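These are my notebook entries on a predicted model. I looked up aromatic pairs, salt bridges and the faces of a helix.

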Amino acid sequence: MDILAIRDHLIATVMRRIDTSLSTRAEALREFMDVTLPNIEKDASAEIAQHIPTLPVEIYKKWAEMFADRMLQTVKTDQLADMCDNTDESNATISLVYLMFMESERMEQQIAKDLAELGVKAGTTDEVGNFLGDYLRTALGARSQEQMQQPSQQSA
């Protein structure tokens, strides 16, 4: 397997894992808000989840390409070729390594940058998105403040 085929397989494997179902996306967002914002009512989290804009597939593809390029830089080609045998186990391994890559400090910065750029583009035309973004930032900020104050209250 040549380098281009390996790269294409890595990208395709990651992209197959991207769930494009709006219902499962809304469910995941509701669950996230229910966990991170426990004071929010379930009906409110369901309503908010419906209005959070989806990320374009292009941004996921960009991150998958960055992952594939990094793998090609850091892992021996013969090992990658073995990993690209298209078995369920190998594809699961690729997905796990991708998640680890996405959690790296480098990618956290890249994701923040990409999302900020996306927000700037969408922010000029999306009033609902702006409102929800402000609301979630305020709510998460308040929750963070509560958590920071709790240890000092408990020790007093």
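Entry 1: I began with Trp 63, which is buried at a relative accessible area of 4%. Phe 67 and Tyr 98 form an edge-to-face aromatic pair, with 5.3 Å centre to centre and 85° between the planes. I noted that this pair links distant parts of the chain, since Phe 67 lies in helix α4 and Tyr 98 in helix α6 (residues 88–102), 31 residues apart. Is Phe 67 buried or exposed? I found Phe 67 buried, at 1% relative accessibility. Tyr 98 is also buried, with a relative accessible area of 8%. I recorded one aromatic cluster formed by Phe 67, Tyr 98 and Phe 101.

I then searched the whole structure and found 3 aromatic pairs. Tyr 60 and Trp 63 form one that is edge-to-face, at 5.9 Å centre to centre and 90° between the planes. Both residues lie in helix α4 (residues 57–74), 3 residues apart, which is about one turn of the helix. Tyr 60 is partly exposed, with a relative accessible area of 24%.

**Entry 2: salt bridges.** My search of the whole structure returned 4 salt bridges. In one of them Arg 7 meets Asp 69, with the closest N and O atoms 2.6 Å apart. Arg 7 lies in helix α1 (residues 3–16) and Asp 69 in helix α4, so this pair ties together parts that are 62 residues apart in sequence. I found Arg 7 partly exposed at 22% relative accessibility, and Asp 69 partly exposed at 31%.

I next looked at Glu 65 and Lys 61, whose side chains meet in a salt bridge (2.6 Å, N to O). Both lie in helix α4, 4 residues apart, about one turn of the helix. Glu 65 is partly exposed at 24% relative accessibility, and Lys 61 is partly exposed at 38%.

Asp 114 and Lys 62 also form a salt bridge through their side chains (2.8 Å, N to O). This pair links distant parts of the chain: Asp 114 is in helix α7 (residues 105–123) and Lys 62 in helix α4, 52 residues apart. I noted that Asp 114 is buried, with a relative accessible area of 4%, whereas Lys 62 is partly exposed at 31%.

**Entry 3: helix α2.** Which residues of α2 are buried? I listed Ala 26, Leu 29, Met 33 and Thr 36. They cover an arc of only 105° around the axis, and therefore lie on the same side of α2. On the other side of α2, I found Ser 23 and Val 35 exposed. I also checked the length: at 1.5 Å a residue, the 15 residues of α2 (residues 22–36) should span 21 Å, and the end C-alpha atoms are 21 Å apart, which agrees.

Conventions. Residues are numbered from 1 along each chain as its sequence is written. This is a predicted model: local features need pLDDT of at least 70, side-chain atom pairs count only at pLDDT 80 or more; totals for chains, interfaces and linings use all residues. Side-chain values use heavy atoms; hydrogens and water are left out. Helices (H or I, at least four residues) and strands (E, at least two) are DSSP runs, numbered from the N terminus. The expected span of a helix is 1.5 Å times one less than its number of residues. Buried means under 20% relative accessible area, exposed over 50%, partly exposed in between (1.4 Å probe, protein chains only). The arc is that of the directions from the helix axis to the C-beta atoms. Rings of Phe, Tyr and Trp (its six-membered ring) pair if their centres lie within 6.5 Å; planes under 30 degrees apart count as stacked, over 60 as edge-to-face and the rest as tilted.
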